[in-house]
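Please read the points below next to the coordinates.

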Amino acid sequence: MARDRTHQDAAEGADHDGAFILGVDLDGVCGDHEAAFRSVVAAELNVDPATLGPQESWDYHAWGVDDEAFMRIHRKAVLEYRMFRTMPVLDGVAEALWRLSDAGVWIRLITHRLYANWGHQVAVSDTVAWLDEHGIPYRDLCLLGNKPQVEANAYVEDAPHNVEALRATGNPVIVFDQPYNRSLGGLRASTWAEVEEIVLDLVVAAGTSVQGQFTGVEDPTGRLRSGGG
Ligand SMILES: [Mg+2]
């Protein structure tokens, strides 16, 4: 019986010397933060979610949520609605990341979810449970307040200020397309298939070898869920 893989297996003998490290953001890149937060805002303001349009700017003023209300509603979203546990996953994330991981890319998840001084236990445990549920592979998980340079070879990111900060220090950043980041130029992907294609090009350009995929693996995302071993 084939041995099922776990995060621990992925990290076993972990030595990223020479590996191409891909820094992957979570909110707005792996998870549909906009959809999750829209449903919380709609419930809190007692309006139909359909009346809250696409999030076209980084703040939520167009939804009638000023910065003060944002802090209050966001706290409730994390602690009461358990948004980090229930957020919809974006299409194809786990499949693409497993294929990249199998090709030798080191997956380093980087998230900004600890920016407030409350709720760290819920934020961290819900994040890890969510990653397991959706079969998303990773070798490192960086839970950061502010997002510094975390030594990856390339990044996938949706937040305009993070994209600009990373690019300012010379890092290749793939902008994960969202309505609020369309003014940014450079590398851009609208789907995880596009992310995968761009990353493989960057890996080749960096001169790092791309390993062939395992054969006979039909259900990459099931590998973390199938249990046994
Ligand atoms: Mg993000």
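The numbered points go from the whole chain to single residues.

1. Basis. Residues are numbered from 1 along each chain as its sequence is written. This is a predicted model, in which local features need pLDDT of at least 70, side-chain atom pairs count only at pLDDT 80 or more, and totals for chains, interfaces and linings use all residues.

2. Confidence. The mean pLDDT (the predictor's confidence in each residue, from 0 to 100) is 87 for the protein, with 82% of residues at 70 or more. Over residues 7–14 the pLDDT stays under 50, and the model has seven contacts beyond four places in sequence for that stretch. Here two residues are in contact if their C-beta atoms, placed from the backbone, lie within 7 Å.

3. Layout. The protein has eight helices and six strands. Both kinds of element are DSSP runs numbered from the N terminus: helices are H or I with at least four residues, strands are E with at least two. From the N terminus on, the order is α-β-α-α-α-α-β-α-β-β-α-β-β-α. Of contacts between residues at least 6 apart in sequence, 71% join residues at least 24 apart. Of the 229 residues, 31% count as buried. Buried means 20 or more other C-beta atoms within 10 Å of the residue's own, exposed means 12 or fewer, and partly exposed is in between, with C-beta atoms placed from the backbone.

4. Sheet. The six strands of an open sheet are ordered S3-S2-S1-S4-S5-S6, with parallel pairing. S3 and S6 stand at the edges with a single partner strand each, so one side of each has no neighbour in the sheet. Two strands pair if DSSP finds at least two bridges between them.

5. Strand S2 and its partners. S1 (residues 21–25) is joined to S2 by five bridges, and the two run parallel. Within this pairing, Ile-21 stands opposite Trp-106, and Leu-22 has Ile-107 as its bridge partner. Four bridges join S2 to S3 (residues 140–143), also in parallel. S2, helix H6 (residues 120–133) and S3 make a right-handed β-α-β unit. Right-handed means that, with the strands pointing away from the viewer, the path from the first strand over the helix to the second runs clockwise.

6. Burial of S2. Six of the six residues of S2 are buried. Trp-106, Arg-108 and Ile-110 point one way, while Ile-107, Leu-109 and Thr-111 point the other way. In a regular strand the side chains alternate between the two faces of the sheet.

7. Strand S5 and its partners. Three bridges join S4 (residues 154–157) to S5 (residues 173–176), which run parallel, and Val-156 has Ile-174 as its partner in S5. The chain passes from S4 through helix H7 (residues 160–168) to S5 in a right-handed β-α-β crossover. Two bridges join S5 to S6 (residues 188–189), again in parallel, with Arg-188 as the partner of Val-175. Both faces of S5 are covered: Val-173 and Val-175 are buried on one side, Ile-174 and Phe-176 on the other.

8. Core. Which residues of the largest nonpolar core touch the most other members? Of its 51 residues, they are Leu-22, Val-24, Leu-97, Val-105, Ile-107, Val-156 and Ile-174. Helix H5 (residues 93–102) gives the largest share, six residues. Domain 1 (20–32 + 89–224) and domain 2 (33–86) both contribute residues, so the core lies between them; the domain bounds come from an automatic or database domain assignment. A nonpolar core is a set of buried Ala, Val, Leu, Ile, Met, Phe, Trp, Tyr and Cys residues joined through C-beta atoms within 7 Å. Beyond four places in sequence, the contacts of Ile-107 include Leu-22, Val-24, Leu-97 and Leu-100.

9. Thr-111. This residue of S2 (residues 106–111) is buried because 22 other C-beta atoms lie within 10 Å. Thr-111 stands opposite Leu-143 in S3. Contacts of Thr-111 beyond four places in sequence are Asp-25, Leu-26, Asp-27, Thr-127 and Leu-143.

10. Asn-171. The C-alpha atoms of Asn-171 and Ala-154, 17 residues apart along the chain, are separated by 6.2 Å. Leaving aside neighbours within four places in sequence, Asn-171 is in contact with Tyr-155 and Leu-166.
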